[in-house]
2 protein chains.
Amino acid sequence: MKTIKVIKIGGNIIDDDKSLESFLSAFAKLKGPKLLVHGGGKLASKMAKQMNITVKMNEGRRITDTNTLDIITMVYAGKINKNIIAQLQANKCNAIGFSGADGNSIVSEKRPTQPIDYGFVGDVKKVNTKTLEVLIENNITPVFCAITHDENGQLLNTNADTIASELAIGFASIFNTELYYCFEKNGVLKDINDDNSVVENITTETYKTFIADGTISDGMLPKLNNCFHAINNNVNKICIGKPSMLFEINSLYTTIQK
Amino acid sequence: MKTIKVIKIGGNIIDDDKSLESFLSAFAKLKGPKLLVHGGGKLASKMAKQMNITVKMNEGRRITDTNTLDIITMVYAGKINKNIIAQLQANKCNAIGFSGADGNSIVSEKRPTQPIDYGFVGDVKKVNTKTLEVLIENNITPVFCAITHDENGQLLNTNADTIASELAIGFASIFNTELYYCFEKNGVLKDINDDNSVVENITTETYKTFIADGTISDGMLPKLNNCFHAINNNVNKICIGKPSMLFEINSLYTTIQK
């Protein structure tokens, strides 16, 4: 069985031209099947501000109204995705940009409006890897932005971490699948202020303890829920850390185990 | 030899939700290999205005500066392209959105800055149809926006009519290739005010006459130059008219002949 690497990068790489450039140059050199998922970074909020579009909130959560969905589609699927593709081509990595609508690859359903109406946000319902497999067989790297569709013509905003885990799960029956969440820290930290205090691995058991003692909280919770969702659905290896975990020996990172 | 239809739609369809919806529903039903190229319509200018970005001109021609290129990338490759893909999926037509950077399918070079500096505008240098062929073999329809790249990481703004003719030429060695330019009129008109005065066909010879007597002028010249470029490079059939020429018997349209 061949191995595929599903790699998710977030705002800390996307928002900084130099970081993105050096990441893409290294990513292009990774051997074997691979797939990239990118978040949106701060550009969408900047655009909304420039266009005088107010970000709507409901009980402290951002609402994806029609204008916000348009901006997200323009920034994620347009500017960010196409510039990543052009840079990968410059690095001799043949890539194609995807939203979940392209190739009908990720079908989601609009989140119920009760108890909170999040607007055009989609929860993943189905992943179709057939087209992606054809491309990967032809040495083409799919690059996903965090947009899905409902098969009825509606685009939907979907969390990029979730897209990465759902794609990894989709590939798990045909590939030995590795899922990498790249972010600004060396992994899950025992002490948030010490980037060397990395928890080397987290199991279902220790996860509970870390939640109980507050080691894992807030923003890390949904990311780790995605990790455990993936590990419980046949994804073989899951790592959280800086992008260096992909390219350098002796990098620190956290792995997730059952 | 199989037949492929390369179809270009412009602003008159893109700018009107109802027209676009009905076009895409009919396009989805077209049998056999097909490829869609879309222009950008008025949305990019509207966006520029909303973002307080002034359109720069040089000797009466619009200049694609960095801001304009960003807007074009967001609007064409993001909003317009992804909404077309979502609508095609809703019509059971499996489609994938492309810029020329995706799959390295259209390589262009930045137009020389002399005598006029048009900014980030690309003239097509090379078309790679290999990835597109793989997708078409798998019943997937590529949908192109009018953006190309230079293989060095730079996206470039390229005329959508040119993209359609260059793609058609690229396919001409492996497909019986038909190129359709859809616009707001029934074809090339003898009398601009009479939509029934369609010139049924134009040859290299009659083209010269029509230019000399003023029947063909202004905006139609580059479109027709693209047509003759295609017909002289093995494209088998070229038609100009309303989208109805694709779907209805007895529609009026203009064909181009050698």
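Student: Over how many bridges do β11(A) and strand β13 (residues 237-241) of chain A pair?
Tutor: Helices (H or I, at least four residues) and strands (E, at least two) are DSSP runs, numbered from the N terminus, and two strands pair if DSSP finds at least two bridges between them. L179(A) stands opposite I238(A) in β13(A). The two strands pair in the parallel sense, and the number of bridges is 5.

Student: What pLDDT do local features need in this predicted model?
Tutor: Residues are numbered from 1 along each chain as its sequence is written, while chains are lettered from A and ligands numbered from 1 in the order in which they are written. This is a predicted model, in which totals for chains, interfaces and linings use all residues, side-chain atom pairs count only at pLDDT 80 or more, and local features need a pLDDT of at least 70.

Student: How many of the 7 residues of strand β11 (residues 176-182) of chain A are buried?
Tutor: A residue is buried if 20 or more other C-beta atoms, placed from the backbone, lie within 10 Å of its own, exposed if 12 or fewer do, and partly exposed in between. By this count β11(A) is largely enclosed by the rest of the structure, because the number of its buried residues is 6.

Student: Which residue is the bridge partner of I4(A) in β11(A)?
Tutor: Strand β1 (residues 3-9) of chain A pairs with β11(A) in the parallel sense over 6 bridges. In that pairing, the partner of I4(A) is T177(A).

Student: Which residue in β2(A) stands opposite I7(A)?
Tutor: β1(A) is also joined to strand β2 (residues 34-38) of chain A, by 5 bridges, and the two run parallel. Opposite I7(A) stands L36(A).

Student: How far apart in space are V143(A) and A95(A), C-alpha to C-alpha?
Tutor: V143(A) lies in strand β8 of chain A, and it is buried because 24 other C-beta atoms are within 10 Å. Leaving aside neighbours within four places in sequence, the contacts of V143(A) include L36(A), I84(A) and A95(A). V143(A) and A95(A) are 48 residues apart in sequence, and their separation in space is 6.8 Å.

Student: Within what arc do the buried residues of α3(A) fall?
Tutor: Helix α3 (residues 43-50) of chain A has L43(A), A44(A) and M47(A) as its buried residues. The arc is that of the directions from the helix axis to the C-beta atoms. Seen down the axis, these residues line one face of the helix, because they fall within an arc of 100°.

Student: Is P33(B) buried or exposed?
Tutor: P33(B) sits in the loop between α2 (17-29) and β2 (34-38) of chain B. Not counting residues up to four places away in sequence, P33(B) touches K2(B), I4(B), I136(B) and F175(B). Because P33(B) has 23 C-beta neighbours inside 10 Å, it counts as buried.

Student: Which element of chain B gives the largest share of the side that touches chain A?
Tutor: In this interface, 35 residues of chain B are in contact with 35 residues of chain A. Elements that each supply at least two residues of that side of chain B are α4 (66-90), β5 (95-98), α5 (130-137) and β9 (147-149). The largest share, 14 residues, comes from α4(B).

Notes
Contact = placed C-beta atoms within 7 Å.
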